[in-house]
Amino acid sequence: MAYDVIIIGGGPAGLSAGLYAARARLSTLIIEKDAFGGQIVTTADVENYPGSMVNPTGPVLIDRMLQQAEGFGAQKVSDKIVEIKVDEKIKVVKGEKDEYKAKAVIVATGAVPRTIGAPGEKELTGRGISYCATCDAAFFEELEVYVVGGGDSAVEEAIYLTKFARKVTIIHRRDELRAAKSIQEKAFKNEKIDFIWDSSITEVKGEGILESFTLKNLKTGEEKEVFPDEDDGTFGIFVFVGYLPATGLFEGILDMEKSYIVTDDNMHTNVEGVFAAGDNRVKSLRQVVTATSDGAIAAVQAEKYIENNFEK
Ligand code: NAP
(Lines give C-alpha, C1' and ligand atoms only; values in the text may rest on other atoms or scores of the structure.)
Protein backbone atom coordinates (compact mmCIF):
# COMPACT_ATOMS: atom_id res chain seq x y z
CA MET A 1 0.00 0.00 0.00
CA ALA A 2 1.25 3.46 -0.81
CA TYR A 3 0.63 6.34 1.57
CA ASP A 4 -0.32 9.68 0.12
CA VAL A 5 2.51 11.39 1.96
CA ILE A 6 5.57 10.15 3.78
CA ILE A 7 7.39 12.64 5.95
CA ILE A 8 10.97 11.80 6.85
CA GLY A 9 11.80 13.48 10.16
CA GLY A 10 9.71 14.21 13.25
CA GLY A 11 10.91 17.67 14.28
CA PRO A 12 8.78 20.82 14.08
CA ALA A 13 8.89 20.86 10.25
CA GLY A 14 7.88 17.20 9.96
CA LEU A 15 5.18 17.41 12.61
CA SER A 16 3.70 20.55 11.09
CA ALA A 17 3.71 18.86 7.67
CA GLY A 18 2.05 15.84 9.33
CA LEU A 19 -0.66 18.00 10.85
CA TYR A 20 -1.45 19.79 7.58
CA ALA A 21 -1.33 16.62 5.47
CA ALA A 22 -3.49 14.58 7.85
CA ARG A 23 -5.94 17.44 8.27
CA ALA A 24 -6.26 17.51 4.47
CA ARG A 25 -7.37 13.86 4.73
CA LEU A 26 -4.20 12.53 3.13
CA SER A 27 -2.94 9.21 4.47
CA THR A 28 0.21 10.37 6.21
CA LEU A 29 3.18 8.57 7.74
CA ILE A 30 5.84 10.39 9.76
CA ILE A 31 9.09 8.45 10.05
CA GLU A 32 11.55 9.40 12.81
CA LYS A 33 14.79 7.57 13.61
CA ASP A 34 15.26 8.73 17.22
CA ALA A 35 12.99 10.60 19.55
CA PHE A 36 10.46 12.96 18.00
CA GLY A 37 11.32 16.63 18.19
CA GLY A 38 14.68 17.17 16.57
CA GLN A 39 16.91 19.91 17.94
CA ILE A 40 14.17 21.80 19.76
CA VAL A 41 13.90 19.11 22.44
CA THR A 42 17.31 20.31 23.61
CA THR A 43 15.92 23.79 24.29
CA ALA A 44 14.87 24.67 27.81
CA ASP A 45 12.66 27.68 27.16
CA VAL A 46 11.12 28.36 23.79
CA GLU A 47 10.69 32.11 24.15
CA ASN A 48 10.14 33.06 20.55
CA TYR A 49 7.45 30.78 19.20
CA PRO A 50 4.51 33.14 18.69
CA GLY A 51 1.58 32.53 20.97
CA SER A 52 3.56 30.67 23.61
CA MET A 53 2.89 33.21 26.34
CA VAL A 54 4.06 30.87 29.06
CA ASN A 55 7.30 29.57 27.62
CA PRO A 56 6.95 25.88 26.91
CA THR A 57 10.04 23.70 27.05
CA GLY A 58 11.10 22.16 23.74
CA PRO A 59 9.80 18.71 24.72
CA VAL A 60 6.39 20.10 25.80
CA LEU A 61 6.00 21.98 22.52
CA ILE A 62 6.91 18.86 20.53
CA ASP A 63 4.56 16.69 22.55
CA ARG A 64 1.70 19.04 21.70
CA MET A 65 2.66 19.07 18.00
CA LEU A 66 2.79 15.28 17.88
CA GLN A 67 -0.57 14.90 19.64
CA GLN A 68 -2.12 17.42 17.27
CA ALA A 69 -0.84 15.64 14.13
CA GLU A 70 -1.89 12.23 15.47
CA GLY A 71 -5.25 13.68 16.45
CA PHE A 72 -5.94 14.30 12.78
CA GLY A 73 -4.86 10.79 11.83
CA ALA A 74 -1.17 11.06 10.99
CA GLN A 75 0.62 7.79 11.69
CA LYS A 76 4.12 7.58 13.07
CA VAL A 77 6.82 4.97 12.92
CA SER A 78 10.31 4.68 14.34
CA ASP A 79 12.82 3.68 11.67
CA LYS A 80 16.10 4.90 10.24
CA ILE A 81 15.85 5.59 6.52
CA VAL A 82 18.82 4.26 4.58
CA GLU A 83 17.76 4.71 0.96
CA ILE A 84 15.21 6.64 -1.06
CA LYS A 85 14.10 5.92 -4.65
CA VAL A 86 12.29 8.76 -6.35
CA ASP A 87 12.59 8.04 -10.09
CA GLU A 88 9.16 6.34 -10.32
CA LYS A 89 5.82 8.00 -9.71
CA ILE A 90 5.44 6.05 -6.46
CA LYS A 91 8.43 6.88 -4.28
CA VAL A 92 10.10 4.18 -2.19
CA VAL A 93 11.62 4.97 1.18
CA LYS A 94 13.72 2.14 2.63
CA GLY A 95 14.35 1.94 6.34
CA GLU A 96 16.41 -0.43 8.48
CA LYS A 97 13.16 -2.07 9.63
CA ASP A 98 10.79 -1.78 6.68
CA GLU A 99 10.12 -0.33 3.25
CA TYR A 100 7.52 2.41 2.75
CA LYS A 101 5.83 3.78 -0.39
CA ALA A 102 4.14 7.09 -1.06
CA LYS A 103 2.85 9.39 -3.76
CA ALA A 104 4.77 12.32 -2.27
CA VAL A 105 7.69 12.62 0.14
CA ILE A 106 8.51 15.51 2.44
CA VAL A 107 12.11 15.55 3.61
CA ALA A 108 12.25 17.16 7.04
CA THR A 109 15.46 15.64 8.33
CA GLY A 110 16.79 18.75 10.08
CA ALA A 111 20.35 19.22 11.14
CA VAL A 112 22.77 17.74 13.71
CA PRO A 113 25.18 19.56 16.00
CA ARG A 114 28.62 20.27 14.56
CA THR A 115 31.53 18.97 16.63
CA ILE A 116 34.72 20.90 17.41
CA GLY A 117 36.83 18.14 15.87
CA ALA A 118 39.32 17.88 18.74
CA PRO A 119 41.10 14.58 19.38
CA GLY A 120 39.30 12.73 22.18
CA GLU A 121 35.99 14.53 21.58
CA LYS A 122 34.15 11.49 20.26
CA GLU A 123 35.37 9.17 23.03
CA LEU A 124 34.38 11.63 25.77
CA THR A 125 30.97 12.56 24.37
CA GLY A 126 28.47 11.76 27.11
CA ARG A 127 31.40 11.52 29.54
CA GLY A 128 31.89 15.23 30.12
CA ILE A 129 31.28 16.56 26.61
CA SER A 130 27.74 17.40 25.61
CA TYR A 131 25.84 19.08 22.79
CA CYS A 132 22.62 19.51 24.77
CA ALA A 133 22.33 21.61 27.91
CA THR A 134 18.71 20.64 28.59
CA CYS A 135 19.67 16.97 28.47
CA ASP A 136 22.88 17.11 30.51
CA ALA A 137 23.03 20.31 32.60
CA ALA A 138 21.82 18.51 35.73
CA PHE A 139 24.92 16.28 35.71
CA PHE A 140 27.04 19.38 36.33
CA GLU A 141 25.30 20.68 39.44
CA GLU A 142 27.83 22.83 41.32
CA LEU A 143 30.65 21.92 38.90
CA GLU A 144 32.45 24.15 36.42
CA VAL A 145 31.46 24.04 32.77
CA TYR A 146 32.92 25.47 29.59
CA VAL A 147 30.76 26.40 26.60
CA VAL A 148 32.32 26.49 23.15
CA GLY A 149 30.85 28.89 20.57
CA GLY A 150 29.69 32.48 20.29
CA GLY A 151 26.30 32.25 18.53
CA ASP A 152 22.76 32.43 19.94
CA SER A 153 22.80 28.78 20.99
CA ALA A 154 26.11 28.98 22.85
CA VAL A 155 25.19 32.12 24.77
CA GLU A 156 21.59 31.12 25.54
CA GLU A 157 22.66 27.69 26.71
CA ALA A 158 25.47 29.21 28.80
CA ILE A 159 22.84 31.31 30.59
CA TYR A 160 20.71 28.21 31.13
CA LEU A 161 23.71 26.28 32.47
CA THR A 162 24.23 28.90 35.22
CA LYS A 163 21.13 27.46 36.89
CA PHE A 164 23.14 24.32 37.57
CA ALA A 165 26.87 24.92 37.29
CA ARG A 166 29.00 26.81 39.79
CA LYS A 167 30.70 28.72 37.00
CA VAL A 168 30.27 28.88 33.22
CA THR A 169 33.06 30.00 30.91
CA ILE A 170 32.35 30.72 27.25
CA ILE A 171 35.29 29.94 24.95
CA HIS A 172 34.97 31.76 21.63
CA ARG A 173 37.34 31.70 18.67
CA ARG A 174 37.01 35.48 18.11
CA ASP A 175 36.91 38.50 20.43
CA GLU A 176 33.28 39.31 19.69
CA LEU A 177 30.12 37.23 20.05
CA ARG A 178 27.91 36.41 17.09
CA ALA A 179 24.79 36.09 19.30
CA ALA A 180 21.97 38.66 19.15
CA LYS A 181 22.72 41.78 21.24
CA SER A 182 19.78 41.12 23.59
CA ILE A 183 21.15 37.66 24.41
CA GLN A 184 24.70 38.99 24.79
CA GLU A 185 23.54 41.62 27.28
CA LYS A 186 21.99 38.96 29.53
CA ALA A 187 25.23 36.96 29.46
CA PHE A 188 27.47 39.96 30.20
CA LYS A 189 25.27 40.81 33.20
CA ASN A 190 25.36 37.26 34.58
CA GLU A 191 27.96 37.05 37.34
CA LYS A 192 28.43 33.33 36.89
CA ILE A 193 29.53 33.71 33.24
CA ASP A 194 33.13 34.36 32.24
CA PHE A 195 34.68 34.60 28.76
CA ILE A 196 37.85 33.34 27.13
CA TRP A 197 38.33 35.11 23.79
CA ASP A 198 40.29 34.22 20.64
CA SER A 199 40.68 30.64 21.75
CA SER A 200 39.71 27.10 20.89
CA ILE A 201 39.93 23.66 22.43
CA THR A 202 42.48 21.58 20.52
CA GLU A 203 42.42 18.34 22.54
CA VAL A 204 40.35 16.73 25.29
CA LYS A 205 41.65 14.03 27.62
CA GLY A 206 40.28 11.65 30.20
CA GLU A 207 40.07 7.99 31.16
CA GLY A 208 36.34 7.28 30.86
CA ILE A 209 35.52 10.82 32.06
CA LEU A 210 36.69 14.27 30.98
CA GLU A 211 39.80 15.17 32.99
CA SER A 212 41.44 18.01 31.06
CA PHE A 213 41.52 19.94 27.81
CA THR A 214 44.08 21.91 25.83
CA LEU A 215 43.21 25.52 25.21
CA LYS A 216 44.92 27.36 22.37
CA ASN A 217 45.07 31.13 22.04
CA LEU A 218 44.54 31.62 18.31
CA LYS A 219 46.25 35.04 18.31
CA THR A 220 49.44 34.14 20.18
CA GLY A 221 49.51 30.40 19.42
CA GLU A 222 50.04 29.73 23.13
CA GLU A 223 48.65 26.43 24.43
CA LYS A 224 47.87 25.35 27.97
CA GLU A 225 46.21 22.38 29.58
CA VAL A 226 43.17 23.18 31.73
CA PHE A 227 42.28 20.91 34.66
CA PRO A 228 39.21 20.81 36.91
CA ASP A 229 39.27 21.93 40.51
CA GLU A 230 40.95 19.18 42.52
CA ASP A 231 37.88 18.71 44.72
CA ASP A 232 35.60 18.37 41.66
CA GLY A 233 37.73 15.89 39.69
CA THR A 234 35.83 16.66 36.50
CA PHE A 235 34.06 19.42 34.62
CA GLY A 236 31.92 19.78 31.54
CA ILE A 237 32.34 21.04 27.99
CA PHE A 238 29.17 22.01 26.14
CA VAL A 239 29.66 22.50 22.40
CA PHE A 240 27.41 24.85 20.40
CA VAL A 241 29.27 25.63 17.20
CA GLY A 242 26.47 25.39 14.68
CA TYR A 243 24.77 22.55 12.90
CA LEU A 244 25.19 20.30 9.86
CA PRO A 245 22.17 19.45 7.71
CA ALA A 246 21.17 15.77 7.81
CA THR A 247 21.04 15.39 4.05
CA GLY A 248 23.71 12.78 3.21
CA LEU A 249 21.03 10.35 2.06
CA PHE A 250 19.91 12.71 -0.69
CA GLU A 251 23.33 13.48 -2.23
CA GLY A 252 23.11 12.99 -5.99
CA ILE A 253 19.28 12.89 -5.83
CA LEU A 254 18.29 16.35 -4.64
CA ASP A 255 20.01 19.59 -5.63
CA MET A 256 22.03 21.02 -2.76
CA GLU A 257 24.14 24.01 -1.81
CA LYS A 258 26.78 23.38 0.87
CA SER A 259 24.82 20.24 1.83
CA TYR A 260 21.55 22.17 2.31
CA ILE A 261 18.65 21.12 0.02
CA VAL A 262 17.67 23.72 -2.57
CA THR A 263 13.92 24.39 -2.82
CA ASP A 264 11.76 27.09 -4.29
CA ASP A 265 9.51 29.23 -2.06
CA ASN A 266 6.93 26.43 -2.13
CA MET A 267 9.34 23.77 -0.79
CA HIS A 268 9.58 21.99 -4.18
CA THR A 269 12.91 20.27 -4.73
CA ASN A 270 14.27 19.46 -8.19
CA VAL A 271 12.39 16.11 -8.04
CA GLU A 272 8.64 16.14 -8.74
CA GLY A 273 6.69 15.00 -5.71
CA VAL A 274 9.61 15.46 -3.31
CA PHE A 275 9.52 18.45 -0.98
CA ALA A 276 11.93 19.65 1.70
CA ALA A 277 11.06 21.53 4.89
CA GLY A 278 12.94 22.88 7.90
CA ASP A 279 16.58 23.31 8.85
CA ASN A 280 17.89 21.01 6.10
CA ARG A 281 17.11 23.44 3.29
CA VAL A 282 18.74 26.64 2.03
CA LYS A 283 17.06 29.51 3.93
CA SER A 284 17.91 32.62 5.89
CA LEU A 285 16.43 31.82 9.30
CA ARG A 286 16.39 28.43 10.98
CA GLN A 287 13.87 28.62 13.82
CA VAL A 288 10.89 26.58 15.01
CA VAL A 289 8.56 29.17 13.52
CA THR A 290 10.16 28.92 10.08
CA ALA A 291 10.34 25.10 10.30
CA THR A 292 6.62 24.80 11.06
CA SER A 293 5.87 27.25 8.28
CA ASP A 294 7.92 25.19 5.81
CA GLY A 295 6.13 22.03 6.92
CA ALA A 296 2.70 23.56 6.34
CA ILE A 297 3.65 24.82 2.88
CA ALA A 298 5.23 21.49 1.90
CA ALA A 299 2.11 19.56 2.95
CA VAL A 300 -0.25 21.84 1.04
CA GLN A 301 1.98 21.60 -2.04
CA ALA A 302 2.11 17.80 -1.68
CA GLU A 303 -1.70 17.78 -1.58
CA LYS A 304 -1.83 19.84 -4.82
CA TYR A 305 0.79 17.61 -6.45
CA ILE A 306 -1.21 14.47 -5.60
CA GLU A 307 -4.47 16.04 -6.85
CA ASN A 308 -2.84 16.91 -10.17
CA ASN A 309 -0.91 13.71 -10.74
CA PHE A 310 -2.96 10.83 -9.29
CA GLU A 311 -6.49 9.65 -9.92
CA LYS A 312 -8.85 9.74 -6.95
P1 NAP B 1 25.69 29.83 14.60
O2 NAP B 1 24.89 31.08 14.66
O3 NAP B 1 26.16 29.32 13.31
O4 NAP B 1 26.97 30.09 15.54
C5 NAP B 1 27.99 29.13 15.63
C6 NAP B 1 29.06 29.68 16.57
O7 NAP B 1 30.08 28.70 16.69
C8 NAP B 1 29.73 30.94 16.01
O9 NAP B 1 29.99 31.84 17.06
C10 NAP B 1 31.01 30.40 15.40
O11 NAP B 1 32.09 31.29 15.47
C12 NAP B 1 31.32 29.22 16.28
N13 NAP B 1 32.04 28.15 15.58
C14 NAP B 1 31.73 27.57 14.40
N15 NAP B 1 32.58 26.57 14.11
C16 NAP B 1 33.45 26.52 15.15
C17 NAP B 1 34.55 25.69 15.45
N18 NAP B 1 34.93 24.71 14.63
N19 NAP B 1 35.22 25.92 16.60
C20 NAP B 1 34.84 26.90 17.45
N21 NAP B 1 33.78 27.71 17.22
C22 NAP B 1 33.10 27.52 16.09
O23 NAP B 1 24.96 28.61 15.30
P24 NAP B 1 23.88 28.57 16.50
O25 NAP B 1 24.25 29.47 17.61
O26 NAP B 1 23.70 27.15 16.80
O27 NAP B 1 22.56 29.11 15.83
C28 NAP B 1 22.03 28.47 14.64
C29 NAP B 1 20.82 29.28 14.16
O30 NAP B 1 19.76 29.19 15.12
C31 NAP B 1 21.13 30.76 14.02
O32 NAP B 1 20.43 31.27 12.93
C33 NAP B 1 20.62 31.36 15.30
O34 NAP B 1 20.25 32.72 15.18
C35 NAP B 1 19.42 30.47 15.57
N36 NAP B 1 19.12 30.41 17.03
C37 NAP B 1 18.27 31.35 17.51
C38 NAP B 1 17.95 31.36 18.85
C39 NAP B 1 17.01 32.42 19.32
O40 NAP B 1 16.64 33.29 18.54
N41 NAP B 1 16.56 32.42 20.55
C42 NAP B 1 18.48 30.41 19.72
C43 NAP B 1 19.39 29.47 19.21
C44 NAP B 1 19.69 29.48 17.85
P45 NAP B 1 32.13 32.63 14.58
O46 NAP B 1 31.19 33.58 15.24
O47 NAP B 1 33.56 33.05 14.68
O48 NAP B 1 31.73 32.23 13.20
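**Figure 1. Strand E15 and its parallel neighbours.** In this predicted model, Ile129 stands opposite Ile237 of strand E15. Strand E8, made of residues 129–130, pairs with E15 in the parallel sense, and two bridges join them. Strand E9, covering residues 144–148, also pairs with E15 in the parallel sense, here over four bridges. Within this second pairing, Val148 has Val239 of E15 as its bridge partner.

**Figure 2. The two faces of strand E15.** In a regular strand, side chains alternate between the two faces of the sheet. Strand E15 comprises residues 236–239; Gly236 and Phe238 point one way, while Ile237 and Val239 point the other way. Are these residues of E15 buried or exposed? All of them are buried.

**Figure 3. The shell of residues around the ligand.** The ligand has 18 residues around it, and those that come nearest are Asp152, Ser153, Arg174, Arg178 and Gln287. Sorted by class, the shell holds seven charged, eight polar and three nonpolar residues. Which helix gives the most to this shell? Helix H4, spanning residues 152–161, does so, with three residues.

Figure 4. A polar side-chain atom of Arg174 is found 2.7 Å from an oxygen atom of the ligand. The backbone also takes part: a polar backbone atom of Gly151 lies 3.2 Å from an oxygen atom of the ligand. For Gln287, a polar side-chain atom is 3.2 Å from a nitrogen atom of the ligand. Taken alone, the ligand exposes 910 Å², of which the protein buries 75%.

**Figure 5. Asp198, a residue with positive phi.** Most residues other than glycine have a negative phi. Asp198 is not a glycine, yet its phi is positive, near 50°. Asp198 is placed in the loop that links strand E11 (193–196) to strand E12 (199–205). Why does Asp198 count as buried? Its relative accessibility is 14%, and a residue is called buried because its value is under 20%.

**Figure 6. Ser259, a further residue with positive phi.** Ser259, which is not a glycine, has a positive phi of about 70°. Ser259 belongs to the loop between strand E17 (256–257) and strand E18 (260–261). With a relative accessibility of 34%, Ser259 counts as partly exposed, because this class lies between the limits of 20% for buried and 50% for exposed.

Technical notes. Residues numbered from 1 in each chain as written. Predicted model: local features only at pLDDT ≥ 70, side-chain atom pairs only at ≥ 80, totals over all residues. Heavy atoms only, no water. Near = heavy atom within 4 Å. Polar contact = N/O pair within 3.5 Å; in protein donor to acceptor, adjacent residues only side chain to side chain. Areas by Shrake-Rupley, 256 points an atom, 1.4 Å probe, with all protein chains shown as cover. Nonpolar A, V, L, I, M, F, W, Y, C, P; charged D, E, K, R; others polar. Buried < 20%, exposed > 50% of the residue type's maximum accessible area, 1.4 Å probe, protein only. Pairing = 2+ DSSP bridges.
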